[in-house]
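Colleague: Thanks for making time for this one. Could you take me closely through one part and then show how the rest is arranged around it?

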Amino acid sequence: MKFISTRGNKEIKNFKQVTLRGLATDGGLYVPKDWKIEKKNILKKSLSFENIAFEVIKCFTGNSLKKKKLKEIISKSYEPFRHNEITPLKHLDKNNFLLELYHGPTLAFKDIALQFLGNTFDEFLEKKEKKLCIIGATSGDTGSAAIDAVKRNKFSSIFILHPYRRVSDFQRRQMTTVKSKNVFNIAVKGTFDDCQNIVKKLFIDENLNSQLRLGSINSINWTRIMAQISYYIFSYNKVKEEYKNKKVSFCVPTGNFGDAFAGYIAKEKFNVPINKIIIATNKNNILDRFFKTGIYKKEKVYQTMSPSMDIQIASNFERLLYDLYNQDGNIINDLMNDFSKNGIIKVNNKSFKKTKKIFLSFSINEKETMNSILHAYKKNQIIVDPHTAVGLEASRKFIKKNKNDIVITLATAHASKFSKAVSTVLGFNPDFPQNYKNIFKLNEKFIILENSYEQIKNYIVKNT
Ligand SMILES: *Cc1c(COP(=O)(O)O)cnc(C)c1O
C-alpha cells in the first residue's frame, strides 16, 4: 500500500518510510493513499489474534516486509503477553463484554501496537548507518510501552517527554527505572498538550532533521493505528458466533483518538459489520462535543483520575477529517491551519451526518467514573482502572437506550497502574502482576526541563 500526508503534500511513501518517519514533512499525518484491501474472509471465530494481525497488517506492508518476516515479527511481539489469547474477552453481564487489552509487558493496551512497532523498527534499521532518534510525548502509558518496546534495540535511542507531576508514580517509575543506555526521560513543566506540541515541532524542524534521523512512537505513527485494528475483528468474531442476530458496538475510552480510529477502520475499510463506535471521554470532552455538535473546539485541559485521556487536541482526529472530506488534503490543510490559529473547526453538514452514522459519544465525569469502578466490583466482581471505568459507564448509558444491542468495552489498562484512584474507591490496592513487585524500590533516572522548545531540543541533540 502507498501512503500520503493528510495535508496535501503529494509525496508518496511506502510502509517502511511511514513507519520510520512518523509525521509527514508538511506537518500532516500519513494515511493510506487508496484503500485496496484484499478480500479475504477474516470474520471467522477460529482465527487467533496472531492470524488476524497477519491478515490485517499484510494489507499495508507492501514490499517493505516479506510475509515470512511479518509472521516472525508478529510472533515475537505477542510472545511477552501474559495471556495466551493476547486480548481475551470477558462476558460481564447480559449484553456487556469487556475486551482485556492490558496483558502486555507494561499493562496498557498500547503494548499491543508498540511491541510490534519496536520490532519493526529493529527490522528496518538493521543495515542502516544513522541511528534512529525516537521522540515521543506521553500522558503516562505511551512512554513506558514505547520504552519497553525499544529498550533492547541496537540502532535507536528514545527520548520521552512527560508532563512533570501529572503522571502517576507508578507510570513514571515504569519509564524512569529502565536502565538501558538508549533511554532518556524528560519531565516537562507543562501539560501533555505542551509535550505533544513540542514533539510535533521537533518533527518539522529542518535544522534538527538535518542533524538527526527522527522516529515517532506516538499514535501519529500510522503503524500504531494499524496494529490496533486486529483486536476489533478478533473480539467481534467471538461475540458474533454466539449472538448472530444482535448488533455489536464497541465502546472506546478515548484521548488521542488513535484507538477509536482503528475501530473506525475495522468498520469502514475492513467492512466488519460493527454497529456503532462509542466514544467515551472523561471531563476533557472535545471529542464528545464534536460528535454532538460538529464543532471541534479547544478548551483548557483538566486533570482527572484517568490521566491518559487528559487531552484536548486529539491528533488522530485529523485522519478522520481527511476521510470525511473525501481525502482532500488541501481542505484539511486549511482546516488545521485555522485550528492552530483560532482553536476551532466546524465541519460541513455532509461530514457531520457521516459521523452521526458511525459514532456516538459520552463524556463521563469524575463522580460517575468512581461509581463505575464501584459498580464493576460489586456487580461483576472485577477491578477496573479509571479509563476502563469511563468506558463501562458510557456503555451502560448506551445500553439503557439500546437494550438489545451487544457492547464490547475496551479495557485499556490494568487496575494496578492506577492504584491510587482505585483504592480511593474500593479501599484497597489492586495487586500488581509479579514482575512489578519491586518497582518502588528501584532508582529513577530523569531530567526536569522547562516548557521550552530550545531547551528540550538542545538536550536531545546533546544526548543522541
Ligand atoms: C492511551 C490510553 C487511552 C487513550 O487512547 P487513545 O488512542 O489516545 O484514544 C485510554 N486509556 C488508556 C489506559 C491509555 O493508556
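Colleague: In which helix is the place of Asn349?

Modeller: Happy to! Asn349 sits in helix H15 (residues 349-358); helices (H or I, at least four residues) and strands (E, at least two) are DSSP runs, numbered from the N terminus. Please keep in mind that this is a predicted model, in which local features need pLDDT of at least 70 and side-chain atom pairs count only at pLDDT 80 or more, while totals for chains, interfaces and linings use all residues. Residues are numbered from 1 along each chain as its sequence is written, and side-chain values use heavy atoms, with hydrogens and water left out.

With 59% relative accessibility, Asn349 counts as exposed (over 50% relative accessible area; buried is under 20% and partly exposed lies in between, with a 1.4 Å probe and protein chains only). Its C-alpha atom is separated by 42 Å from that of Asn119, a residue 230 places apart along the chain.

From there, let us turn to the sheet. Its 6 strands run in the order S3-S4-S14-S9-S10-S13, and the sheet is open with mixed pairing (two strands pair if DSSP finds at least two bridges between them). Strands S3 (89-93) and S13 (359-363) stand at the edges with a single partner each, so one side of each has no neighbour in the sheet. On average, neighbouring strands are turned by 25 degrees against each other, direction ignored. S13 pairs with S10 (residues 277-281) in the parallel sense over 5 bridges, and there Ala280 stands opposite Phe362. Helix H10 (residues 229-242) lies across S3, S4, S9 and S14, at about 140 degrees to S9; axes are lines fitted to C-alpha atoms, for helices over the stretch in contact, and angles run from 0 to 180 degrees between N-to-C directions.

Next comes a helix pair. The axes of H16 (residues 366-380) and H18 (residues 419-426) come within 9 Å and cross at roughly 70 degrees, which makes H16 roughly perpendicular to H18 (65 to 115 degrees; under 35 is roughly parallel, over 145 roughly antiparallel and the rest oblique). Met370, Ile373, Leu374 and Tyr377 of H16 meet Thr424, Val425 and Leu426 of H18, contact being heavy atoms within 4.5 Å.

Now to the rings. Rings of Phe, Tyr and Trp (its six-membered ring) pair if their centres lie within 6.5 Å, with planes under 30 degrees apart counted as stacked, over 60 as edge-to-face and the rest as tilted. By this rule there are 31 aromatic pairs. Phe170 and Phe440 have ring centres 6.4 Å apart and planes at 35 degrees, so the pair is tilted. Phe170 belongs to helix H6 and Phe440 to the loop between H18 and strand S15 (447-450), 270 residues apart. Phe170 is buried at 3% relative accessibility, whereas Phe440 is partly exposed at 43%.

H6 (residues 169-176) is mostly covered, with 7 of its 8 residues buried. These pack against helix H5 (141-150), strand S6 (156-163) and strand S7 (183-189). One of the buried residues of H6 is Gln171, which is also among the residues touched by Ser139, along with Pro163, Val167, Phe192, Pro307 and Ser308, not counting residues up to four places away in sequence. Ser139 lies in the loop between strand S5 (132-137) and H5 and is buried at 6% relative accessibility.
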